[in-house]
Amino acid sequence: MTAITEFSIAVQKRVGRQRLLKAFKVLLGSVPFIFLIILWELNTQFVWFDPIEIPPLSDVWGAIFFLQSDCPGFVAAMQQHNDCNLTNNIMSSLGRVILAGVVGIPLGIAFGILAGMNRTISGYLEPVGIFMNSVSGIAWIPLAIVWFGVGWETTLFIMLNTIFWLIFFNTMMGVRAVPKVLVQGVQTLGGSYYDTIKHVYLPGAMPSVITGMRMSLGFGWRALIAAEMIGGDSGLGFMIFVSAVEFKTEEVFLGVILISLIYLISDRYMLVPLEKWTIERWGLVWKPT
Amino acid sequence: MTSIDLQQARLFKWKKFATEGAGRLIIFLVGSIILWWLISAFLIERPDRYLPSPLSVVLSSADMLYKGSLISFYSDTLIRLVIGGAVGIAIGIPVGLALGLNRFVADMFYPLMNFFQSVSGIAIFPVIVIWFGNSDTTVLIVILYTSFFPIAFNVLSGVRSVPVRYIQAARTLGASRFQVVRDVLLPGAMPSIAVGTRLSIGFAWRAVIAGEMLAGRPGLGNMIFSGQEFDNTAQILLGMVMIGVTWIVLDHFLLRPLESDTIERWGLVQR
């Protein structure tokens, strides 16, 4: 046995084979990214494309400090000081997502449960949900501009609209899939109307509500970026659009990277674990297609 | 006696018609149009600007039909969707297959594909505009981008989900590499190809609308956007209804049956 195999066996015993495999996968997955970054750097070295088309990596990094250059400090950034461009835009985008979520998710769940409990009503409302989800997001932007003008109301409306209809539709379908037997069981045992909602409909619909939340973040975030580009006055979408008009490509690249990172992180580390936990806890009543 | 029975039967028939299938849809459509008309007629000030009545939307559609702009906008959008989607899917399936063939390569490219799948086409739109200007190419590239990554990612993970046992069995029976791809991997990945197609076209449809709005190319997206610019709210509503109805028709009569048929035919491979 050579020294190398001995060493590798020792390492496998010490760290554990599964964990090593996982680390190897992460390492392997980062190879294309590193390759892309190297290509990018080579491009700045040999200028295959103009810097105006593909800015150097260092400029993209520098754009963070350029945008934040007059920012007095962390506290001022949190208070949305006028000179903290980047953090202001990030916070206004995130704030809209959170505000729309806080208003839209409970509303969607409440109306979804009320509509889903009655089979006739939910039958009539199902086409509404399908239609509203089909016209979702981007197509509403011009109408929202007519209604609310250019500004935060428009972008908030777009986000709220996407979130509400997706949650409403998913909750309604989830509630409808709850077996009647369970509801009748609770009622026979003396449960009130409120009890059936709290103990049967809500938990039964939970997995599809969470699926609706994931979908609404996916569609809503895209729609929000588009809404900020067309009818907004702040936010990451607005930032990249204005920077593109001014041909500040490095700011555009920075914005695009930030937009995808924010989405990836919030989906991977908040909603996916939440979905997994909910399905484990309450089971999969209705499997979304 | 018999007349009462008849009456009851009629009532029952009417109830069945009203609560099931097509009858329900018709009642719902008529009801929502009446509701829309009531709101625009009595609840809202200046309905021309904020919510025109259904009649004026129909009139505006007749006007646009007469001028010929509606059909040309509609066909422009559909042609863009078909070209962009078809090219994206045609490139995406082979790329996904090629990357999925080797477990090592698949592991390597999985995070990259996952990353680009979640970078939305709308977000990279400003970059593409800087590269190609406000042209048809820009819109096509955005559609291509949005439809390429979901399908490539899905095919990649579909190929990977085919159990190694099946590949080994085919190999033991003397199958060549090409035969393994054709007879094992491709059918095994078929369900995820169908799912990916539907996802791709769904994202592409939204990207078409956004791309046309932002780049200002003629199409449905531009139609609703110019409706906002020229204060022609009826045109916006018409465009929105057309966008929604087109997607519903596309989804329910083409993509969803395709998906369920594929899953039924090739099934989920036993894990």
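Predicted model: local features only at pLDDT ≥ 70, side-chain atom pairs only at ≥ 80, totals over all residues.
Start with helix H3 of chain A, which covers residues 57–67. Its buried residues are A:Val60, A:Ala63 and A:Leu67. Because these residues span an arc of only 40 degrees around the axis, they lie on the same side of H3(A). What do the buried residues of H3(A) pack against? Their partners are helix H5 (85–117) and helix H12 (249–282) of chain A. The face of H3(A) turned away from the buried side carries exposed residues, namely A:Ser58, A:Trp61 and A:Phe65.

Next comes a pair of helices in chain A. Helix H8 (residues 152–177) packs with helix H10 (residues 193–231) at an angle of about 160 degrees, and their axes are 7 Å apart. Angles over 145 degrees count as roughly antiparallel, and H8(A) and H10(A) are therefore roughly antiparallel to each other. The crossing of H8(A) past H10(A) is right-handed. Sorted by class, the contact between H8(A) and H10(A) has 16 nonpolar, 13 polar and 1 charged residues.

Finally, turn to the contact between the chains. Chain A gives 40 residues to this contact, and chain B gives 40 residues. On the side of chain A that touches chain B, the elements that give two or more residues include helix H2 (17–46), helix H6 (119–134) and H10. H12(A), which also packs against the buried residues of H3(A), gives the most to that side, with 8 residues. By class, the side of chain A that touches chain B has 30 nonpolar, 7 polar and 3 charged residues.

Conventions
Residues numbered from 1 in each chain as written. Chains lettered and ligands numbered in written order. Buried ≥ 20, exposed ≤ 12 C-beta atoms within 10 Å, placed from the backbone. Helix = DSSP H or I, 4+ residues; strand = E, 2+ residues; numbered from the N terminus. Arc of directions from axis to C-beta. Contact = placed C-beta atoms within 7 Å. Axes fitted to C-alpha atoms, helices over the stretch in contact; angles between N-to-C directions. Parallel < 35°, antiparallel > 145°, perpendicular 65-115°, else oblique. Left-handed = near helix turned anticlockwise from the far one by under 90°. Nonpolar A, V, L, I, M, F, W, Y, C, P; charged D, E, K, R; others polar.
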